[in-house]
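Here is a walk through a structure, one contact at a time. Keep the model open and follow along.

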Number of protein chains: 2
Amino acid sequence: MVIPVRLGPRSYTIVVEPGALATVGERLRALGTGSRVALVSDPSIRSLYGKTVAESLERSGFAVTGLDVPEGEAAKTLAVAERCWSALLAAGFDRTSTVVALGGGAVGDVAGFVAGTYMRGVSFVQVPTTVLAQVDASIGGKTAINHPEAKNLIGVFHQPRLVLVDPLTARTLPEREFRSGLAEIVKHGIVLDADYFARLERDALPLLARDPSVLERVIAGSCRLKADVVERDEREAELRMVLNYGHTIGHALEAVTHYARFTHGEADSLGIAAEARLARRLGLASAETVARQERLLQALGLPVRLPPLEADAVLAALSHDKKARDGRVPFVLAPEIGTFRIVEDVTADDIRAVLAELSD
Amino acid sequence: MVIPVRLGPRSYTIVVEPGALATVGERLRALGTGSRVALVSDPSIRSLYGKTVAESLERSGFAVTGLDVPEGEAAKTLAVAERCWSALLAAGFDRTSTVVALGGGAVGDVAGFVAGTYMRGVSFVQVPTTVLAQVDASIGGKTAINHPEAKNLIGVFHQPRLVLVDPLTARTLPEREFRSGLAEIVKHGIVLDADYFARLERDALPLLARDPSVLERVIAGSCRLKADVVERDEREAELRMVLNYGHTIGHALEAVTHYARFTHGEADSLGIAAEARLARRLGLASAETVARQERLLQALGLPVRLPPLEADAVLAALSHDKKARDGRVPFVLAPEIGTFRIVEDVTADDIRAVLAELSD
């Protein structure tokens, strides 16, 4: 399935297709870029898929420079970006060259940041291999590295020229990582598409079993929902904020647990559970709307109950949210499945109350 | 004089006006940004103009955080950018905050890079205080820091929201720095506007004497020419390359002399002299077209003769030019005053020949 992302001169396509990895060379060739390609990956992903991707590029006449970055968030540092810039310079990369990110969200974030800043921006291709990266991080041009005190603080918007998704890579993911990616999929259904959400409810079991045709349909559907939002709000001015559903409290939970206790998807699942209750507390959502969200998350093996946490620490972390405007954090809430509303006046007491409910 | 730069959602105005520095607060207020402003400057510029700008911002209700960076190119390092990001985070800057660059081109380059990458881009205002920055670097959104082995290697396009030029600041510049800025002005005339060039020929003496009304007219005229190019080619796809006239060889001369022997403007003056002769050598330009360029540069106190240099080193530096595409560097040449042509097939022998002519 080919999903267009229409952004004027920055338009591109997302290709969701079993076996897509072996087609990267011919697809990049069709874009008319220069001959040099940097293949950025981490050692485990490289050992799984590096050969397939590099051979495809070389078959199409590209000179491939491999760049290894550390696994996970450790890749998203200034030191790693600096090493990548130097490697590109040493390998003679110019403005026509291309950076290809092969891996999960962290690889895509740092590779995209490097591509977006090397010579003020070179071509960038995303080949995401985790569900999380496939349905969310790889689409929309958000790139970033971390500051020691704030995740994703330093970054640029730099749209890829192409996103290549092989849904079968989801079958090789460790169970916990696979389930984590499903949190983003559920989020897309909750705030954007009631029919998609209902289908997820019906397909929960084959999805968890990683049935190939269900995987392909669910991932492609989620990519389409994300692409639709990005098309209407490329720079996260307003609408795109909808994609932060669950992430506002989710990010704060990640921060107070030092990114060690929960995966990103687990934190988002908890954030969705908390923000669903916030909507109920503010009189926006029914108890059944809250319950459907929790039931689906639970059915997909995702957490919806909090361990004991310091509410003050969570509130402090929230105040550092990048969405804060002059100190206030807007929340995206879901009055019904398939709808959303941005709420500016959530109080600290409201947040304390839902955190307490979830810790019971 | 108010010069619009029409770039759709990224449009802004350049204000060229004696006393403009004291109006930054009210003008920024009119843009509706958040309350926090970082004023990035170097110690000497801050001592000259920092108080005027900070007081104007504070009068309009902004909370100002001063950020000092080293003077000149020493500001354009990753370490300085990192220190700025940390300072913004510590001062509670969010997406609604603004970075103001007060100073020359280097201050604008690093402050713009920081503004373009902090939280994926915050508002940026240029208050250039050198002629070079006023007519060139501050307009068009090119930002960068240096890699130890390549100038301006790491950067982003990040348009300012406002450019405020007080032409009277040119009156306080050291003589050598003032003259260096005139090289960019001459360049604009050569490749873009024969009438403007002819007026520069007539006004050379009052310009060198820094007559206030001539300064204002010349600087505003040059800003308008640059803005016109940026409007038609924001991302330097093709047309904007015209602004690299003289800079291709100029940059190489700076690189081989380790950025220590010539100012940027002096190197560009030498680059213009060399590229003028390149056009003549390739049969594109008349001897008189070459001579007019040299005469005006000389009248403005700029160098047009080279000291002995290793031609091989210059050629090696040229091969690292960011404009190189798969190894070949395109040249912008001027067949007549007020016109330009992009020439792809300049040989190493042609370059050696003009370097030899200029060293005689």
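Start with the salt bridges inside chain A. Between domain 1 of chain A and domain 2 of chain A, the count is 5 salt bridges. Bear in mind that this is a predicted model. R6(A) and E231(A) give a clear example to look up: their side chains meet in a salt bridge, at 3.1 Å from N to O. Polar contacts are counted too. Between domain 1 of chain A and domain 2 of chain A there are 8 residue pairs in polar contact, with both residues at pLDDT 80 or more.

Which elements carry the domain 1 side of this contact? Strand 1 (2–5), strand 2 (12–16), helix 5 (131–137) and strand 8 (150–154) of chain A each give two or more residues to the side that touches domain 2 of chain A. Helix 5 of chain A gives the largest share, 5 residues. Sort that side of domain 1 of chain A by class and you get 16 nonpolar, 7 polar and 7 charged residues.

Now step back to the domains themselves. The domain assignment of chain A puts domain 1 at 2–172 and domain 2 at 175–359. The C-alpha centres of the two domains of chain A lie 26 Å apart. In chain A, 30 residues of domain 1 are in contact with 30 residues of domain 2. The area buried between these two domains of chain A is about 2700 Å². Carbon and sulfur atoms give 62% of that area. On the domain 1 side, V135(A), K151(A) and F157(A) lose the most area to domain 2 of chain A. Together these residues make up 22% of what that side buries.

D136(A) and K187(A) meet through their side chains in a salt bridge, 3.9 Å from N to O. D136(A) lies in helix 5 of chain A and K187(A) in helix 6 (residues 175–192) of chain A, so the pair ties together parts that are 51 residues apart in sequence. For context, a search of the whole structure finds 50 salt bridges over all chains.

Next, bring in chain B.

Then turn to the interface between the chains. The contact takes 37 residues from chain A and 38 residues from chain B. Of the interface residues of chain A, 100% are also interface residues in chain B, so the copies meet through the same surface. The area buried between chain A and chain B is about 3400 Å², and carbon and sulfur atoms give 57% of it.

How many salt bridges link chain A and chain B? The count is 0. Polar contacts do cross this interface: the rule finds 8 residue pairs, both residues at pLDDT 80 or more. On the chain A side, helix 3 (78–90), helix 4 (105–117) and strand 8 each supply at least two residues. The largest share, 5 residues, comes from helix 3 of chain A. By class, the side of chain A that touches chain B has 13 nonpolar, 11 polar and 13 charged residues.

Notes:
Residues numbered from 1 in each chain as written. Chains lettered and ligands numbered in written order. Predicted model: local features only at pLDDT ≥ 70, side-chain atom pairs only at ≥ 80, totals over all residues. Heavy atoms only, no water. Domains from an automatic or database assignment. Contact = heavy atoms within 4.5 Å. Buried area = accessible area lost by both parts, 1.4 Å probe. Salt bridge = Lys/Arg side-chain N within 4 Å of Asp/Glu carboxyl O. Polar contact = N/O pair within 3.5 Å; in protein donor to acceptor, adjacent residues only side chain to side chain. Helix = DSSP H or I, 4+ residues; strand = E, 2+ residues; numbered from the N terminus. Nonpolar A, V, L, I, M, F, W, Y, C, P; charged D, E, K, R; others polar.
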